[in-house]
Structures are given as structure tokens and as C-alpha cells.
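Biologist: Hello! I am new to protein models, and I would like to learn how to read one feature by feature. Could you walk me through it?

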Amino acid sequence: MTLKNKIFLDALKRENHQEKIPVWLLRQAGRYLPEYMKIRSQYSDFFQMIKKPEICKELTLQPLHRFPLDAAITFTDILTIPDAMGVPVEFISGKGPVFADSICKNEELRLNSDGALKKLEYVFEATSLIKASIDVPLIGFAGSPWTLFVYLYYGESPKDHDELNNYLKLKSHNTHSYLEQLTETTKDYVHAQIEAGADCIQIFDSWAGLLSQKDLPNYWKLQKLKI
């Protein structure tokens, strides 16, 4: 489908000469839209829902039906990668994502990248379906390796930051190993989204703020996401 405008893509390249300047509005997975809530009520588990490409397409299109937006973002989640690498995650009401295992409880936790991309086919299929149905740019996305590592360490949203900092100091080799595995899978993941039709990729680094100013030089060493 031909794009009706490229304002968003031009802005990313700093080539936007239109009067409009794109802004980002976080819509919290559409949870405030009644049409979203109607679909969500049919699934007990969030991941069960997002693994259905047709449903993801419909949820992505819902905001476009309401507003004249200049871009769409694929309806999925940043935690698809840990799930595909052998650490299942469940979204529990009032608590958020909870992993079946975690590094802080199991220092022998292993990630399995073999076949991970195949397990993520539902995201790529959804991307293709969405791209064929819209006339604005499509944003694909992934969580940063650091943010995914933080979730894997705690097995849920982080709380005691001192515990994580101690692990980083005492188990730096393990940290690098986890980050390298996550980085390689993330690179393949975003490339596959682009091949499926995503016009650009956004990297969400939700937990970068856990690092102090003095940690930032090490942060750039840890995070080597060169797409």
C-alpha cells in the first residue's frame, strides 16, 4: 500500500520540512480503548493474545481508526525474546510480567537462542499483515539487551537495585554472556521485522535509568546493538 505521507520517517532522518512535527504519545497498549478491552477480555493471558497475528493486526489498527495518525506500531511486547529463548513469561494482573525462572534465583539459568527466531514467527506474520493494511509507516520494536537482562535477572519488574549492582560487580563475566546472547537474538529479531515490512525500529530501554552516571561508560560497552 502506498504511504499517504512520510512525515515520521523524514523526521527520523532529520529531513522533515513539513509544518507538522511528529510527537510520541504512549497509549499503554491501547488499554483505555473500549474496543481493545473487549478483545483483551477474551484472553486470560496477554501472551496468548499477542501470539495471534490477526488479533495483533486488529489491535494495531484500532487507534488508526480513531485518529489520523502518521505512523503505526506493531502490537506486541518487548518480552517476546526471553520467552522465545526458553524463559516463559506470564502477565499477572496487578503485578505485571512474571518469569518462570530468574537469574537471581537460579544463577545457572540458560538462554537458548536455537530456534528462537522460529518461535517469533507470529510477530513477523503480524508485521506483514499490518503493513498490507495501512498507508502510514509501520514501527517495529524490541527491548534493549540491557532491559531484557534486568527483567531476566529479577524475573519481574526490578525492586532492589543494590542486588543487581552487586551481581554486575561480582558476576561481570556472566552479565556480558547474557547480554551478548540477548544482543545477537535481538539483532536477528529486528532484521526479521524489517524484512516483514517494518519501516523503522524503536528500541525500548525501559530500565536504563537503573544505571548511575558513573556506570554509563560501562553501559555503552555492555550494550552493543549494532543493527
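Modeller: Gladly! Keep in mind that this model is predicted. Let's begin with charged pairs. Side chains of opposite charge can pair when their charged atoms come close. Here, E35 and R66 form a salt bridge through their side chains, with N to O at 2.7 Å. E35 sits in helix α2 (residues 34-40) and R66 in helix α4 (residues 53-66), so this pair ties together parts that are 31 residues apart in sequence.

Biologist: How many salt bridges does the count come to?

Modeller: The count comes to 10 salt bridges. Another one joins D83 and K51, whose closest N and O atoms are 3.0 Å apart. D83 lies in helix α5 and K51 in the loop between α3 (46-50) and α4, so the link ties together parts 32 residues apart in sequence. K51 is partly exposed, with a relative accessible area of 37%.

Biologist: Why does D83 count as buried?

Modeller: Buried means under 20% relative accessible area. D83 has 15%, so D83 counts as buried. Leaving aside residues up to four places away in sequence, D83 touches F47, K51, P88 and V89.

Biologist: What about E108 and R110: which state do they share, buried or exposed?

Modeller: Both E108 and R110 are exposed, and their side chains meet in a salt bridge of 3.2 Å, N to O. Salt bridges that share partners also join K95, E156 and K159 into one network.

Biologist: Now helices, please. How do I read helix α10?

Modeller: An α-helix has 3.6 residues a turn, so residues three or four places apart point the same way. Helix α10 covers residues 172-196, and at 1.5 Å a residue its 25 residues should span 36 Å; the end C-alpha atoms are 36 Å apart, so the two agree. Buried residues in α10 include T175, Y178, L179, L182 and T186. Just after α10, G197 takes a positive phi of about 130 degrees.

Biologist: And how are the strands arranged?

Modeller: Strands of a sheet pair through backbone hydrogen bonds, either parallel or antiparallel. In this model, 3 strands form an open sheet in the order β1-β4-β5, with parallel pairing. The edge strands, β1 (72-73) and β5 (200-204), each pair on one side only. β1 pairs with β4 (residues 138-143) over 2 bridges, and A72 stands opposite L138 in β4.

Methods: Residues are numbered from 1 along each chain as its sequence is written. This is a predicted model: local features need pLDDT of at least 70, side-chain atom pairs count only at pLDDT 80 or more; totals for chains, interfaces and linings use all residues. Side-chain values use heavy atoms; hydrogens and water are left out. Helices (H or I, at least four residues) and strands (E, at least two) are DSSP runs, numbered from the N terminus. The expected span of a helix is 1.5 Å times one less than its number of residues. Buried means under 20% relative accessible area, exposed over 50%, partly exposed in between (1.4 Å probe, protein chains only). Contact means heavy atoms within 4.5 Å. Two strands pair if DSSP finds at least two bridges between them. A salt bridge is a side-chain nitrogen of Lys or Arg within 4 Å of a carboxyl oxygen of Asp or Glu.
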